[in-house]
Amino acid sequence: MQPSAVPELAHTHTRPIHWVATATAVAGVVALSSVVQPGSATAAQPASGTQPRSAPAAVAPPSAKGVAFPLNCGPVKAVVVKQAGGDLDGDGRPETVAVVHCDAAMGTPPDGVYVLTRGTDGRKARVVATLVDPKDRLTVTDFALRARTVSATLLGYSSDAVPSCCPDVKTATTWRWNGSAFIRSTPDAAHSV
């Protein structure tokens, strides 16, 4: 091994004094950074005549409470048994889909499925579409609204001779807005219960 031409330097060997000096320097930097702070940030003012844009506020779907549903219940009232909200037509304003039937004391009253939107006054909701008419004598189960699609399982009757207590036909159904109307599709063929 060839000897080094540079003489041994004193600082190449660490001694306790070096660690004390390093710790003091770090403490000084920390203390100085807590005293010296950058100035307050200021937002640039918009040019005169322009309004700053803000993100649109989230709009809640319309409430089904107090809506006059096209359902003839006689002396009893209409009851909303299920509801879900979402933007069905992609306009940025959510709609509500409600499953409604008459509050009958006995039996299984048929369901109606209605699409609600905000009224022109922006407050009270109004019915804009009927997906299931109670005259069809259907009961709605497995009701959901996902990805702008309404889905439900409909329980119905193969004939008028089947008693109302015992639906014998089960149909999985979806509805999707096509730009002018709700299109109903049945992924699986209807089958007996």
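Colleague: How many salt bridges does a search of the whole structure find?

Modeller: The search turns up 2 salt bridges. Side chains of opposite charge can pair when their charged atoms come close. The cut-off here is a side-chain nitrogen of Lys or Arg within 4 Å of a carboxyl oxygen of Asp or Glu. Before we go on: this is a predicted model, where local features need pLDDT of at least 70, side-chain atom pairs count only at pLDDT 80 or more, and totals for chains, interfaces and linings use all residues. Residues are numbered from 1 along each chain as its sequence is written, and side-chain values use heavy atoms, with hydrogens and water left out.

Colleague: What is the mean pLDDT of the chain?

Modeller: pLDDT is the predictor's confidence in each residue, from 0 to 100. The chain's mean is 80, and 72% of its residues reach 70 or more. Over residues 40-44 the pLDDT is below 50, and beyond near neighbours in sequence that stretch has 0 contacts in the model (a contact means heavy atoms within 4.5 Å).

Colleague: Back to the salt bridges: which residue does Asp160 pair with?

Modeller: With Arg137, the closest N and O atoms being 3.5 Å apart. Asp160 lies in the loop between strands S6 and S7, and Arg137 in the loop between strands S4 and S5, so the pair ties together parts that are 23 residues apart in sequence. Strands (E, at least two residues) and helices (H or I, at least four) are DSSP runs, numbered from the N terminus.

Colleague: Is Asp160 buried or exposed?

Modeller: Buried means under 20% relative accessible area, exposed over 50%, partly exposed in between (1.4 Å probe, protein chains only). Asp160 is exposed at 72%, while Arg137 is partly exposed at 26%. The other bridge joins Asp91 and Arg93, at 2.9 Å from N to O.

Colleague: What is the strand order in the open sheet of 4 strands?

Modeller: Strands of a sheet pair through backbone hydrogen bonds, either parallel or antiparallel. Here the order is S1-S2-S3-S4, with antiparallel pairing (two strands pair if DSSP finds at least two bridges between them). S1 and S4 stand at the edges with a single partner strand each, so one side of each is left without a neighbour in the sheet.

Colleague: Which kind of aromatic pair do Phe69 and Tyr114 form?

Modeller: Rings of Phe, Tyr and Trp (its six-membered ring) pair if their centres lie within 6.5 Å; planes under 30 degrees apart are stacked, over 60 edge-to-face, the rest tilted. Phe69 and Tyr114 form a tilted pair, 5.4 Å centre to centre with 40 degrees between the planes. Both residues are buried.
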